[in-house]
Amino acid sequence: MNWGSDLWDQYDVIDKHTQSGLDLAERYIKFVKERSEIEQTYAKLLRNLTKKYLKRGHKDEQDCKYSNYASFQDILAELNDYAGQRELIAENMIESICNNLSKYLQELKQERKNHLSDARKAQQSLDSSLKHLESTKKRFAKEWAEAEKTVQQVERLENDPNSTKLDVEKAKHVANARTRAAEECRNDYAAELQKYNKEQNCYYYVEIPQIFNKLQDLDENRIRKMAEGYCKFSDIEKNVLPIISRCLEGITAAGTKIDEKQDSLLFIEQNKSGFERPADVEFEDYTQGIKVSNSDTILNQPKLRPKLRLFRKHKQAAAEDFSHLPPEQRKKKLQAKIDDISKDLQKEQDQSDALEKMKDVYVKNSQLGDPARLEPQICQTNQKIGHLKGELAKYETWLSEAVGGEESSNNTNNNSQHSLEMTSDPSQNIYTDFDEFDDIEMPVGQCTALYTFEGNNEGTISIMEGELLTVMEKDKGDGWMRVLRASGEEGYIPSSYVKINA
């Protein structure tokens with residue numbers, strides 16, 4: 001069954017039906033656009049929400065050491081990645097459905113217009129032939145009526161005794177002329193009728209069926225394209241479901257990794273003062289007379305009371321030796337300061353060794369450089385080393401005072417010995433060659449690509465699923481991380497597209 005054979009006389013119905021199909025396609029395109037706008041708005045609101053609650057600043061960084069604080073930050077990061085996937089859904093819907101379907105719809109409208117125009121032209125041609133046939137038919141009827149009149153006139157003259165032979169002959173001649181003219185009109189009418197019937201058969205059995213079948217194919221193609229668009233509406237979201245699921249799993253993992261006991265221990269370690277609890281107040285027996293006792297010392301020394309207060313209203317000014325802090329906190333601060341100075345000292349000593357090696361190379365081969373040009377750098381580095389050693393000794397002394405006696409001595413001796421071992425051991429020196437004096441950026445880990453990513457924007461790179469990558473910079477909360485490929489290509493990729501290797 002097809003439109004050409006079964007709906008040959010339903011031009012107006014076909015016209016209305018095909019137009020209704022085009023209207024449906026336009027409505028669907030508009031629907032997908034509005035859905036995409038909702039996704040984009042949703043993603044934008046999620047990003048603003050995560051940005052609002054992300055911790056920033058020194059105090060917030062301290063809080064994030066607790067697992068429940070850190071997990072909340074992880075949830076925000078995963079939610080930010082989730083928002084990125086919603087944006088991706090919106091972009092793919094616009095590109096794969098709206099843009100493609102709109103372009104196809106324009107072509108469809110033009111093709112439909114051409115087919116309907118061909119149908120109207122065929123109808124107009126058939127109508128013109130019918131009018132010409134009617135005109136020929138009328139002319140034949142008129143001529144035949146005139147011919148009959150002339151024949152009747154001849155018959156009257158022949159029956160009239162008063163008419164002459166010349167009148168009869170003349171009437172016969174006119175009658176014959178009229179008859180011949182009528183016969184010519186009859187032949188013309190018969191030819192036009194045959195021509196019209198042929199055109200009519202061609203119109204109803206060839207032209208109109210072909211045009212209507214083309215319109216049927218056009219409408220069926222539109223329906224098939226609409227079906228593909230409906231499926232894409234679902235498939236686009238299905239394609240990102242694995243990543244969305246990973247985001248949701250990451251949120252769940254952030255909740256399950258919270259350790260309330262560890263948070264309590266960390267809070268204790270960060271805030272315990274190290275003070276001893278106050279001793280009992282001694283009983284003073286006034287029946288034996290007033291005498292000075294140790295309780296007087298405790299009761300009459302208000303300067304010791306602030307140590308026992310649970311709530312402090314005024315902060316003391318920070319001292320360089322952290323003496324304003326409780327004993328435990330002071331020891332931690334001093335040890336952290338010593339560690340920082342030791343790292344800086346090790347870096348400067350490595351730099352000094354590198355400069356000395358470079359100087360030796362220049363001395364042996366003056367074509368490579370002038371060793372005198374390195375003297376200012378060497379002098380400056382040595383000054384920094386001397387300053388750092390002085391700072392290290394100062395803080396180690398304060399730490400000795402804080403921990404007291406042998407314990408402090410052991411800690412500081414071990415720390416100093418570790419620093420000396422690092423500087424004396426040539427294997428620890430990163431400057432092992434003449435051309436490696438610049439700072440080298442070290443990788444922070446490795447990861448495996450879970451999905452393929454096309455890096456089309458500036459600063460991004462493309463990766464393949466299953467590819468092993470080196471992490472050069474971790475995600476800072478914006479959903480991106482910097483990696484290095486085996487080919488040497490370096491750039492940013494979405495953090496949710498990879499799995500960090502243990």
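Trainee: With which residue does Glu489 form a salt bridge, and how far apart are the closest N and O atoms?

Mentor: A salt bridge is called when a side-chain nitrogen of Lys or Arg lies within 4 Å of a carboxyl oxygen of Asp or Glu. Here Glu489 pairs with Arg485, and the closest N and O atoms are 3.3 Å apart. The model is a predicted one, in which local features need pLDDT of at least 70 and side-chain atom pairs count only at pLDDT 80 or more, while totals for chains, interfaces and linings use all residues. Residues are numbered from 1 along each chain as its sequence is written, and side-chain values use heavy atoms, with hydrogens and water left out.

Trainee: Is Glu489 buried, partly exposed or exposed?

Mentor: Relative accessible area decides this: buried is under 20%, exposed is over 50%, and partly exposed is in between, with a 1.4 Å probe and protein chains only. Glu489 has 36% relative accessibility and therefore counts as partly exposed. Across the 502 residues of the protein chain, 31% count as buried.

Trainee: How many salt bridges are there by this rule?

Mentor: The count comes to 19. One of them joins Glu26 to Lys109, with the closest N and O atoms 2.3 Å apart. Because Glu26 lies in helix α2 and Lys109 in helix α4, this pair ties together parts that are 83 residues apart in sequence. Glu26 is partly exposed at 33%, and Lys109 is partly exposed at 29%. Arg47 likewise forms a salt bridge with Glu87, at 3.1 Å between the closest N and O atoms; Arg47 lies in helix α2 and Glu87 in helix α4, so parts 40 residues apart in sequence are tied together. Beyond such pairs, Arg35, Glu39, Arg86 and Glu237 are linked in a network of salt bridges.

Trainee: How many helices and strands does the protein chain have?

Mentor: Both are DSSP runs numbered from the N terminus, helices being H or I over at least four residues and strands being E over at least two. The protein chain has ten helices and five strands.

Trainee: In what order do the five strands of the open sheet stand?

Mentor: Two strands pair if DSSP finds at least two bridges between them. The order is β4-β3-β2-β1-β5, and the pairing is antiparallel. Strands β4 (490-494) and β5 (498-500) stand at the edges with a single partner strand each, so one side of each has no neighbour in the sheet. Angles are taken between lines fitted to C-alpha atoms, and, with direction ignored, neighbouring strands of this sheet are turned by 45 degrees against each other on average. Within the sheet, β2 (residues 468-473) and β3 (residues 480-484) pair in the antiparallel sense over three bridges, and Glu473 stands opposite Arg482 in β3.

Trainee: Which residues does Tyr104 touch, leaving out those up to four places away in sequence?

Mentor: A contact means heavy atoms within 4.5 Å. On that basis Tyr104 touches Leu218, Asn221, Arg222 and Lys225. Tyr104 belongs to helix α4 (residues 67-159), and its relative accessible area of 19% makes it buried. Although Tyr104 and Arg222 are 118 residues apart along the chain, their C-alpha atoms are separated by 8.8 Å. For the protein chain, residues 24 or more positions apart account for 70% of the contacts with a separation of 6 or more.

Definitions and conventions: Axes fitted to C-alpha atoms, helices over the stretch in contact; angles between N-to-C directions.
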